[in-house]
Amino acid sequence: MDDRMFRTAMGKFATGVTVIVSEYNDDIRGMTANAFMSVSLDPKLILISVGTNAKMNETIQNSQQFTVNILSGSQKELSMIFAGQIKEEREVAFEQFEGMPVIENSLVSLACNVYDSHRAGDHILYIGEVLNLNVQDGEPLAFYEGKYKQLT
Ligand code: FAD
């Protein structure tokens with residue numbers, strides 16, 4: 001099995017899109033991620049997977065905190081900014097929630113402490129303990145076969 005076939009197969013799994021945000025020493029870093037899942041209800045745990053080359057690892061490992069922001073259908077541009085798909089630097093406004101930066105107008109923002117982490121091949125899995133969350137109504141941004149999709 002080659003890498004392309006593996007990527008193509010994984011791309012058949014339709015997902016939402018999140019932006020992971022973490023802050024250390026007043027430096028706020030964001031990264032688009034669709035490798036996100038709910039893990040446990042008691043305690044409330046979620047999981048994200050971050051490539052070992054991503055600068056986000058340093059920020060999360062220093063701060064031991066991150067937020068997961070589930071994007072709405074109108075936030076595609078933010079996903080592109082934090083995936084490096086828009087090359088010019090953009091000023092992004094963050095709100096504070098539980099003392100952590102979150103993306104305003106996300107469908108959901110989860111404030112997490114790092115509960116555990118585990119290296120898995122070329123990614124690092126972070127399990128986050130959810131300290132608090134907020135939820136808004138709206139349609140999600142979706143990702144399927146390597147392309148953004150709107151559900152409506
Ligand atoms: P950087 O290259 O440092 O930053 C990425 C971009 O965000 C840069 O353009 C930077 O300017 C901008 N940025 C960062 N912080 C700020 C800020 N405070 N204000 C304004 N702009 C800022 N990778 C994974 O590892 N796991 C995944 O689950 C995953 N899922 C993805 C899902 C989708 C739909 C897409 C499109 C990409 C996904 N990626 C994923 C790839 C990942 O988003 C990119 O590889 C990412 O750019 C690498 O992260 P980095 O920490 O090195 O970010």
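Residues are numbered from 1 along each chain as its sequence is written, and side-chain values use heavy atoms, with hydrogens and water left out. Because the model is predicted, local features need pLDDT of at least 70 and side-chain atom pairs count only at pLDDT 80 or more, whereas totals for chains, interfaces and linings use all residues.

Pockets were computed on a 1 Å grid over the protein atoms alone. A pocket is an open set of points where a 1.4 Å probe fits, with protein on both sides within 12 Å along at least five of seven lines. Lining residues have an atom within 4 Å of a point. Grid points are joined across faces, edges and corners, and a volume is the space filled by probe spheres set on the points. The largest pocket holds about 1,800 Å³ of space. Its lining comprises 46 residues. Nearest the centre of this pocket lie Thr32, Ala33, Asn34, Ala35 and His123. Two or more lining residues come from each of α1 (3-10), β1 (15-16), β3 (27-33), β4 (36-40), β5 (45-51), α3 (76-82) and β11 (141-144). Here helices (H or I, at least four residues) and strands (E, at least two) are DSSP runs, numbered from the N terminus. Strand β3 gives the most, with seven residues. By class, the lining has 23 nonpolar, 15 polar and eight charged residues. Ala, Val, Leu, Ile, Met, Phe, Trp, Tyr, Cys and Pro count as nonpolar, Asp, Glu, Lys and Arg as charged, and the others, Gly among them, as polar.

The second largest pocket has a volume of about 230 Å³. It is lined by Ile81, Phe82, Gly84, Ile86, Lys87, Glu88, Glu89, Arg90 and Val92. Four of these lining residues are nonpolar, one is polar and four are charged.

Strands β1, β11 and β12 form an open sheet in the order β1-β11-β12, with antiparallel pairing. Two strands pair if DSSP finds at least two bridges between them. The edge strands, β1 and β12 (147-150), each pair on one side only. Two bridges join the antiparallel strands β1 and β11. Thr15 is placed opposite Phe143 of β11. Elsewhere, β4 and β5 run antiparallel and are joined by four bridges. Phe36 faces Ile48 of β5. A hairpin of four residues connects β4 to β5. Pro43 lies in the loop between these two strands. The peptide bond from Asp42 to Pro43 is cis, with omega near 0 degrees.

Helix α2 spans residues 56-63, and its buried residues are Met56, Asn57, Thr59, Ile60 and Ser63. Buried means under 20% relative accessible area, exposed over 50%, and partly exposed in between (1.4 Å probe, protein chains only). Seen down the axis of α2, the buried residues fall within an arc of 165 degrees, so they line one face of the helix. The arc is that of the directions from the helix axis to the C-beta atoms. These residues pack against β2 (18-24), β3, β5, β6 (65-70), β9 (108-120) and β10 (123-135). Contact means heavy atoms within 4.5 Å. Gln64 follows α2 and has a positive phi, near 60 degrees.

Val21 lies in strand β2. This residue is buried, with a relative accessible area of 0%. Val21 touches Ile28, Arg29, Gly30, Met56, Phe66, Thr67, Asn69, Phe94, Pro101 and Ile103, not counting residues up to four places away in sequence. The C-alpha atoms of Val21 and Met31 are 6.6 Å apart, although the two residues are separated by ten residues along the chain.

Two loop residues other than glycine also have positive phi values. Asp26, in the loop between β2 and β3, has phi near 65 degrees. At 72% relative accessibility, Asp26 is exposed. Asn105, in the loop between β8 (100-103) and β9, likewise has phi near 65 degrees. Asn105 is exposed, at 51% relative accessible area. Ser106 lies in the loop between β8 and β9, but is buried at 1% relative accessibility. Ser106 touches Asn69, Ile70, Leu71, Gln75 and Gln136, not counting residues up to four places away in sequence.
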